[in-house]
Every structure is written in structure tokens, then in C-alpha cells.
Amino acid sequence: MKIGIDAGGTLIKIAVEDQGQLTFKKQPSTEITEVAAWLAALPDADVALTGGKATYLQSLIPQQAFQSIEFDATFRGIQSFLEQHDIALADYIFANVGTGTSIHFVDGENQLRAGGTGAGGGMIQGLSYLLTGITDFSEVTSRAAAGDREKIDLKVKHIYKGDKTPIPGDLTAANFGNVLHNMHDMTFTADDKLAAVMGVVGETVTTISIHAAREFKTEHVVYIGSSFLGNALLREVVMDYTVLRGFKPYFIENGEFSGAVGTMRLM
Ligand code: ATP
Ligand code: MG
């Protein structure tokens, strides 16, 4: 049995390969001792680790695990998912929207870190709590999908008020910039605020990703990370914004397990 584990800042992603069958599971990083106890009961498993908490997890388990650098593991995992789905891309940007967001350029067999941003899944969780008091991620995502960003975010067309705009009027001019204009005659529900949170995170991640795509002269952007899980609105914001800016977005099924699968494949 082979086990690949990506122990990240928020979630531990686990890929298990047993008799050719690949299965996935995840657990909060706060439960790392439970993951270690599970591994301790599988002493003969070949274990490969990656992620920010890999070294700590190694200190808790009996196996002498293989360890790889998170960026290389993630790249290897993405390659194997793309192959599996028959998606052939000569070059692309990938954005790993985890607790934080890391952006990379891939050219053939090499990945190069192209940048990052503190806007990501951790920001979704923290800002959602500050604005609404909600901590449950699935509640955050389902309520965000039911919310309305229009009264919170200021678009270019709102500023130009019917005048001809120099850039598409539907582009966001200022995330949260419409609040003071609407505060007297509108109410902002928790759902609306959560929708605006997905807006600012999604647009920030997309903007940085497409700048990297332009810099490295590729048109493909692959988005992965658990922040997209069950998060229809974040996906929609990122997809639409990438297309609007003239690039091609890709979301990979199980993409959040790229690091776990990749470190296993590199072992
Ligand atoms: P990093 O790579 O930055 O160290 P990570 O690998 O833990 O972090 P991911 O697992 O890719 O990051 O994504 C974490 C984000 O996924 C959270 O910040 C949150 O927005 C979202 N998320 C999805 N499902 C859950 C869940 N069940 N519990 C908590 N967060 C979740
Ligand atoms: Mg991660």
C-alpha cells in the first residue's frame, strides 16, 4: 500500500493507492495526531509526505517517509491528473488556492514559482467569520452562492453611469466599494457579504494568475486547492473573470489532492 499525504495549513489531504485503486480523504490539520495514529496502524505502508506540516507529521509516525517539496509534488500531481483526463497543455500557469495562494508557471517538465497572494482559503474563512460569525465552510459556500454582490461591489459601469467605459463595464472597480453608496437604502445580508468575500478572493487570485500567464506567455490557467470545494460561486467568479480577461481556465476534479498524489508518484 502506498500513501501520499499533503499536510497543509488547514487540511491534510491523503491519497491511498492499494492494488491499483486510488482513494482520497481529508482531515483538518488540527487533527494531525489522529492521522499519525492511523499511519501507526499501517506500519508496512510506503508513505510519502509533502506540505508545510510534513516534517511535523514525520516526527509523529513510525515509518521513515519519503518527503518532497510541496511545489514539485503539486506539479507532479497536476501532471498526472491532466494526463488522466487527456488534457494536453504544453505550458500553463497553475494557481493553488489553499490557505494561501501560490502561483506557478509550467513549461514542459519544469515548474517555476511565479508569485502568490495572501488572498485565498484562509482569507475566505477569516473574513467570513468577521463579517457574519459563520465558521462552517460548507455553510459559508452555500450562503455565498445565494448572496448578491451587486450592492456591495462597485463596477466600472457604476462609476461611468452610462457613459462609454474604456474597459468592460462589468469589471469590478472596487471590491466592497459600493457599500457606502447603498448603505441608506439597502440592507446587506450575511449571504450578500459572503458573496462579496468570494468576489474579492476570486478576483484577486485571478488577477495575479493572469498577470503571470501574460508574463510567461501562456493562455492556460489551472486552478486547484480546497478553497474551490463545493464553492460554486468562487469557481464561477474565477472562471468568468479568467475568460473575460482572455485566458482559458481549467478546474481539475480532485485537484486539491495534487500534492498528495504527486509526492506519492515522486517516491
Ligand atoms: P496551504 O497549502 O496554504 O498550506 P492547505 O494545503 O491546507 O494550505 P487547501 O486544503 O488547499 O490548503 O485549502 C484550504 C482551504 O479550503 C480553507 O482555507 C478553506 O477555505 C477551504 N476548505 C474546504 N473545505 C474545508 C473544510 N472542510 N474545512 C476547512 N476549510 C475548508
Ligand atoms: Mg496546500
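User: With which residue does Asp192 form a salt bridge?

Analyst: This is a predicted model, in which local features need pLDDT of at least 70 and side-chain atom pairs count only at pLDDT 80 or more, whereas totals for chains, interfaces and linings use all residues. Residues are numbered from 1 along each chain as its sequence is written, chains are lettered from A and ligands numbered from 1 in the order in which they are written, and side-chain values use heavy atoms, with hydrogens and water left out. A salt bridge here is a side-chain nitrogen of Lys or Arg within 4 Å of a carboxyl oxygen of Asp or Glu. By that criterion, with the closest N and O atoms 2.9 Å apart, the partner of Asp192 is Lys151.

User: How many residues apart in sequence are the parts that Asp192 and Lys151 tie together?

Analyst: Helices (H or I, at least four residues) and strands (E, at least two) are DSSP runs, numbered from the N terminus. Asp192 lies in helix 8, whereas Lys151 lies in the loop between helix 5 and strand 9 (154-155), so the parts that this pair ties together are separated in sequence by 41 residues.

User: Which residue meets the side chain of Arg143 in a salt bridge?

Analyst: The N to O distance in this salt bridge of Arg143 is 2.7 Å, and the partner is Asp191. The pair ties together parts that are 48 residues apart in sequence, because Arg143 lies in helix 5 and its partner in helix 8. Arg143 counts as partly exposed at 31% relative accessibility, whereas 17% makes a buried residue of Asp191.

User: Which side chain makes a polar contact of 2.9 Å with the side chain of Gln111?

Analyst: Gln111 is placed in strand 8 (residues 110-117) and, at 18% relative accessibility, counts as buried. A polar contact is a pair of N or O atoms within 3.5 Å; within protein, one must be able to donate a hydrogen and the other to accept it, and residues adjacent in sequence count only if both atoms are side-chain atoms. One such contact, of 3.3 Å, joins the side chains of Gln111 and Asp72. The contact of 2.9 Å is made with the side chain of His104.

User: With which side chain does that of Thr172 make a polar contact?

Analyst: Thr172 lies in strand 10 and counts as buried, its relative accessibility being 15%. Taking contact as heavy atoms within 4.5 Å, and not counting residues up to four places away in sequence, Thr172 touches several residues, among them Arg149, Asp153 and Leu154. The polar contact of its side chain, at 2.8 Å, is with Glu203.

User: Near what value is phi of Lys161?

Analyst: Most residues other than glycine have a negative phi. Lys161 lies in the loop between helix 6 (156-160) and strand 10 (172-174), and its relative accessibility of 72% counts as exposed. Its phi is a positive value in a residue other than glycine, near 45°.

User: How many of the 9 residues of helix 10 are buried?

Analyst: Helix 10 spans residues 258-266 and is largely enclosed by the rest of the structure, because most of its residues fall in the buried class. The buried residues of helix 10 include Ser258, Val261 and Met264. Of the 9 residues in helix 10, the number buried is 7.

Methods
Buried < 20%, exposed > 50% of the residue type's maximum accessible area, 1.4 Å probe, protein only.
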